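Work through the following exercises with the sequence and the coordinates at hand, and try each task before reading its solution.

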Amino acid sequence: MARRAQRRRPAPAPFDETSACPCGLGQPYGECCGPAHRGHAPATAEALMRSRYAAFALDDAEYVLHSWHPDTRPESVEADDTLRWTGLDVLEATGGGLFDAEGVVEFRAHYRDGGRPGDMRERSRFVRHDGQWVYWGPLLTGGTLANS
């Protein structure tokens, strides 16, 4: 019986606290999104969105789910072995500050799927839940994952 070959994601480059954070701010992970991933709540909706992107890039499904509002959160998030998140552009952020109850962040996330480049664009709604920013969901999208 022949075994079907599975496409596996290439092993990630070595990553530690001093590595550049995947969110694109140019800071070391340990000073940027790392604290959020270890339980320190981000102060703004944009910071939460960046930390969620970094969690997707690092396959940290636990953080992705934890930072999602319980009313809209799925039961699980599955990693796609052929998808690699490669960059983030924050296009606009409104509200979402220290004294706001809601915020909206529009972003474009770049990826490679099976080696082919693509991007996705989303306007995301963030709200306060138990005093912390959480992702509510998309307001509108510029399409789904699509090659560009």
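Predicted model: local features only at pLDDT ≥ 70, side-chain atom pairs only at ≥ 80, totals over all residues.

**Exercise 1.** Decide whether His37 is buried or exposed, and list its contacts beyond its neighbours in sequence.

*Solution.* Begin with the location: His37 is found in helix 1, which covers residues 34–37. Next, apply the cut-off: because its relative accessibility is 15%, and buried means under 20%, His37 counts as buried. Finally, with neighbours within four places in sequence left aside, His37 is in contact with Tyr29, Ser51, Ala54, Ala55, Leu58, Asp60 and Tyr63.

**Exercise 2.** Describe the largest nonpolar core, state which elements supply it, and examine the surroundings of Leu88.

*Solution.* The largest nonpolar core has 21 residues, and those with the most contacts inside it are Met49, Tyr53, Trp85, Leu88, Phe107, Ala109 and Phe126. At least two residues of this core come from each of helix 2 (45–57), helix 3 (61–66), strand 1 (83–95), strand 2 (102–113), strand 3 (116–129) and strand 4 (132–141), with helix 2 giving the largest share, six residues. Apart from this core lies another, of six residues, which includes Cys21, Cys23, Tyr29 and Cys33. Turning to Leu88, and leaving aside its neighbours within four places in sequence, one finds it in contact with Cys23, Met49, Arg50, Tyr53, Phe107, Arg108, Ala109 and His110. As general background, nonpolar side chains tend to be buried together in soluble globular proteins.

**Exercise 3.** Characterise the largest pocket by its volume, its lining and the classes of its lining residues.

*Solution.* The largest pocket holds about 560 Å³ of space. It is lined by 26 residues, of which Phe56, Val64, Val77, Trp85 and Met120 are the closest to its centre. Sorted by class, the lining has 18 nonpolar, one polar and seven charged residues. As to where the lining comes from, helix 2, helix 3, strand 1, strand 2 and strand 3 each supply at least two residues, and the largest share, five residues, belongs to helix 2.

How values were computed:
Residues numbered from 1 in each chain as written. Heavy atoms only, no water. Core = buried A, V, L, I, M, F, W, Y, C linked by side-chain atoms within 4.5 Å. Buried < 20%, exposed > 50% of the residue type's maximum accessible area, 1.4 Å probe, protein only. Helix = DSSP H or I, 4+ residues; strand = E, 2+ residues; numbered from the N terminus. Contact = heavy atoms within 4.5 Å. 1 Å grid on protein atoms, 1.4 Å probe; cavity = no way out; pocket = protein on both sides within 12 Å on 5 of 7 lines; lining within 4 Å. Points joined across faces, edges and corners; volume = space filled by probe spheres on them. Nonpolar A, V, L, I, M, F, W, Y, C, P; charged D, E, K, R; others polar.
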